[in-house]
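Here are my notes on the model, point by point. Please read them with the structure open.

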Amino acid sequence: MSLTSIQNKTRRAAAHVQLEVPFGPREAAAADAAEATAVLAAPRGHVDRPGGSERSPAAPRSPRSGGRPTTGPTPRGRAPGSRKAASAAGPASPESIAQAMAGRQREISIAEFFAKNRHLLGFDNPAKALLTTVKEAVDNSLDACEEAGILPELLVELTQLAEDRFRVAVEDNGPGIVRAQVPKIFAKLLYGSKFHSMKQSRGQQGIGISAAGMYGLLTTGKPLTVISRTGSRTKARRFQVAINTKQNAPDIQLEEEIEWEREHGTRVEITLQGTYKKGRHSIDGYLLQVSVANPHAQITYAAPVQEGESERIVYDRTSDRLPKEPKEIRPHPHGVELGVFLKMLQGTPARNLQSFLQQEFSRVGKKVVDDLFAAVRQAGLALTPRTRPRSVSSEDAEALHRLIGQAKIMAPPTDCLSPIGEDLLIAALQKRVRADFYTAVTRPPAVYRGNPFQIEAALAYGGELPGDELIEVYRYANRVPLQYQRGACAITKAVVELPWRNYKIPQSRGALPAAPMILVVNIASVWVPFTSESKEAVAHYPEILTEIRRALQECGRRAALHINRHIRAADEHKKRSYIQKYIPHIGIALQEILGLTDQARDKTVAALTDTLERSRKM
Amino acid sequence: MPTKGDSSARIKEIRRNNERLDGQTVGLIKSTADDINKRILRRGKPELKLPVRSLANVTYSTDKGFFELGRQKKLRTLTVNTVKTFAQTLRLMGLSKALVETRDFATKRDAYYQSKNWGDAMFHEQDESDAVMDDIEALFSTHSISREQLRFIPDEHGGAVAGDLIVYDPDIETGEIERIDCTRFGSGAYSIPSLVEHLSFETKAKFILAIETGGMFQRLQSHKFWKKANCILVSMSGVPTRSTRRFIRRLSEQARIPVYAFVDCDPYGISNIYRTLKVGSGNAAHINQFFCAPAARFLGVTPQDIKDYKLPTHPLKEVDVKRARDALKNDPFFREHRSWAKALEMLVKMGVRAEQQALAKWGLNYVIDEYLPAKLKDPKQFLP
């Protein structure tokens, strides 16, 4: 989720909060107007894009200097609640209504907003909340370990405290977190290191873990507990922090030094209301999927079995090789929306357009700039490479943005991507799934709207996998399993649309194939386009669908070779059993009809058996 | 009545005839099996050439006057995949040979249960054995041997027969030939058995009257119309069964007498009952050569009769009109005969149908006293 969309949402919530008193149609119109204003006041950026803004998300400012005030929508309608008075004393003047409304208008904290709209972050119901909490903590731990170049060792503990109350604890061997940052990271929404970098990582927005902590606080009143240690020379510290939803600020309830056996690492504990489920959306299923896409991670899961008892499942690592560290990149000119482009013009330290373009974007060199300004001159724009970025009018900026879109620019660099790799995918699947046949395909990087991405697919077939059920598709975005909204995801769409029957894999029209098979599809990208803020489904970009299809086709072709061999072997078996079963009856019938002697009959049977065994055709 | 000497000569001839027929059947079973055996011993893959039974391979033969199968054949080669069906086909042929030799017979259901002694080659559903039997029937039909000659009989028996007819019927147990006089059933009638291949006939009748309804048959039989008109009455009860059709065919062929059909005047009576009786059906073209009665003519009730006799009518139903239009458009039999096309068109135009029993409007025995005698005066007027 981007800054801009959060601003939007906040304002919509503001309109919503205002109108919680009963209101009539005219007030509803006022609400619409207020919301429309809020949307207008927001920057015109695309909601899926982080942009290159360097502003702190905690202190949102309007992107255009001298723009509208950002504190609440401009009032235009009547104040709700004033209706009775107004109708008694005749129509009130718009002025007085605006005054009345202004009295009620106030800023809504982002934390407060999410407290009311928990479904936006994946806390719709108790079962999902439990899984989302585990997921956010695991994502953070893996990201932290990888960034520090440490092979991750994770411990996930789930303890059932009461019928519907659980404690989730996730512990890692990562670099730990310095004392001053702990409260902000875990108890302040939109605080993080990843949002402002164009770099492939699991988390993005700095919402996840603090939202989980907030959910726990809301449902159980218990603060979040963090233990962290940054090295053998410092002591571990234990914190209990709650989030102050009004101010979106951490409220430290306890801080102490403790003895901890880990040299470095972090442990997070959240107590929350939840439901423990088995099956597709279960935590074990989730961790299994995590281990398939993260073969370098060691994950131990302590799961509740009965009251007070737990069982340990260890997903040990398949590889001692850390994934290649993805490079941070600058945005590609073709991937930048107009609104973001405008913000970048305002915020750049560059003195002129030439250095702005060359410094802020990837793949822009002298030649690209020269060609671009040739086109600018042709279009009759009064812009030169020397123009100061801040002085470009919004009309000119729009025209420039359009010309950039038409310019020939090299595809973005792809060293920002870190795929899992074919060998590791196969090894991980072999470790987790008992099948007869495994294969994996890592596609070369491709680009959608200026964003590099890379698709990987893997397939496990046969063996102990259930044969007559619809297949399971493990969907991943940057190695994070996607658990919900299966039907809305581009990965599911690509799987369903592939004609699996061409590869001897049964499939009903418009459905997943029904075969003893598991599919794995991972999309690696600096910016994975999700269909919603809860990051559950990949959006349907044609370039992404094409790449997924190509990867699946290659997997399918390889599977078909395997299956054909299998069919031939089964045919051979059937042939032998048919020959043994039925040829004697041909002998008996011919003996009956022709009155053959037993020897003559046996001779015929032997001759026919020989002929059919030597024939290759069924 | 034939003298005793005549009779014994005749019985001998019947015996010889039946033995020759059975010999042909067994001979064909043996030669088919022998071909297969020799092919196997030469290390080849045996083949069966089955006629293609799809409608595309059915033509209407103007000369013969019935639907017949074309020359398309499908080759069934003995491979691993067909070895089971091949074994079952041969075992069923073996059963047929045993049935002929013991002068016994089996229904489709009997044959299915017989296969339960075949171990792995047994049929698990009657559908399977029916399909194999259909293949055998088609195979042997190309050599003019019917399923009945293979001693596989249909479940349903035939219609009733009355009139000046002696039927010679060999007893299955003793081989003695029974002599059945079809005049001597009182108000009852001789019932056509399921298997009629071995019957022989002796008659001086001038024609066979094939009647659609049991009610009309009973009237004509009770009033001994057969005596008056010197004919043989056969009740069909709707579309005639295989054995009724085969009986009529064999009787008309042996006695060289025509068959006059007396059915309701509606598209069902004309295009289903009469057309099936005379030329068979497209769906079972491989058996028409045994079952159709090309000597059949349509006595009535004709559309013209409805006018001439001012018969009470009922309106044609939608399905009737559809059936008639379909016959006019697609059925080669009706397209072949201009007079039939005219009659059907007339019926559709009138939009009514009349049952044969509608004649009772003019008196219960009007059909005996007036209608049939008037019609029979001029058989040339009958529709083809």
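1. Two residues count as in contact if their C-beta atoms, placed from the backbone, lie within 7 Å. On that basis, the contact draws 21 residues from chain A and 25 residues from chain B. On the chain A side, α16 (542-594) and α17 (598-614) each supply at least two residues. α16(A) gives the most, with 13 residues. Helices here are DSSP runs of H or I with at least four residues, strands are runs of E with at least two, and both are numbered from the N terminus.

2. Class make-up of that surface. The side of chain A that touches chain B has 13 nonpolar, 4 polar and 4 charged residues. Nonpolar covers Ala, Val, Leu, Ile, Met, Phe, Trp, Tyr, Cys and Pro; charged covers Asp, Glu, Lys and Arg; the others, Gly among them, are polar.

3. Basis of the model. This is a predicted model: local features need pLDDT of at least 70, side-chain atom pairs count only at pLDDT 80 or more, and totals for chains, interfaces and linings use all residues. Residues are numbered from 1 along each chain as its sequence is written, while chains are lettered from A and ligands numbered from 1 in the order in which they are written.

4. Cores. A nonpolar core is a set of buried Ala, Val, Leu, Ile, Met, Phe, Trp, Tyr and Cys residues joined through C-beta atoms within 7 Å. Buried means 20 or more other C-beta atoms within 10 Å of the residue's own; exposed means 12 or fewer, and partly exposed lies in between. The largest nonpolar core has 119 residues, and B:V161, B:I208, B:A210, B:I211, B:L233 and B:A261 touch the most other members. Helix α2 (residues 83-101) of chain B gives the most to this core, with 9 residues. Another core, of 108 residues, lies apart from it and includes A:L142, A:A211, A:V441 and A:L482.

5. What does B:V161 touch beyond its neighbours within four places in sequence? Its contacts are B:C182, B:A189, B:Y190, B:I192, B:I232, B:L233 and B:V234.

6. Helix α9 (residues 283-293) of chain A. Of its 11 residues, 8 are buried, among them A:I283, A:Y286 and A:L287. Its axis and that of helix α14 (residues 422-432) of chain A come within 8 Å and cross at roughly 145 degrees. Axes are lines fitted to C-alpha atoms, for helices over the stretch in contact, and angles run from 0 to 180 degrees between N-to-C directions. A:L288, A:S291 and A:V292 in α9(A) meet A:A428, A:L429 and A:R432 in α14(A). This contact divides into 4 nonpolar, 1 polar and 1 charged residues.

7. Strand β12 (residues 472-477) of chain A. Here 5 of 6 residues are buried. Strands pair if DSSP finds at least two bridges between them. β12(A) runs parallel to strand β14 (residues 517-525) of chain A, joined by 6 bridges; A:R475 stands opposite A:V521. With strand β13 (residues 480-482) of chain A, β12(A) is antiparallel, over 3 bridges. A:A477 stands opposite A:V480 there. The hairpin has 2 residues between the strands, and A:N478 takes a positive phi near 50 degrees.

8. A sheet in chain B. This open sheet of 3 strands has the order β9-β8-β11, with antiparallel pairing. β9 (177-181) and β11 (200-202) of chain B are the edge strands. Neighbouring strands are turned by 25 degrees against each other on average, direction ignored. Strand β8 (residues 166-170) of chain B pairs with β11(B) over 3 bridges, and B:V167 has B:F201 as its bridge partner.
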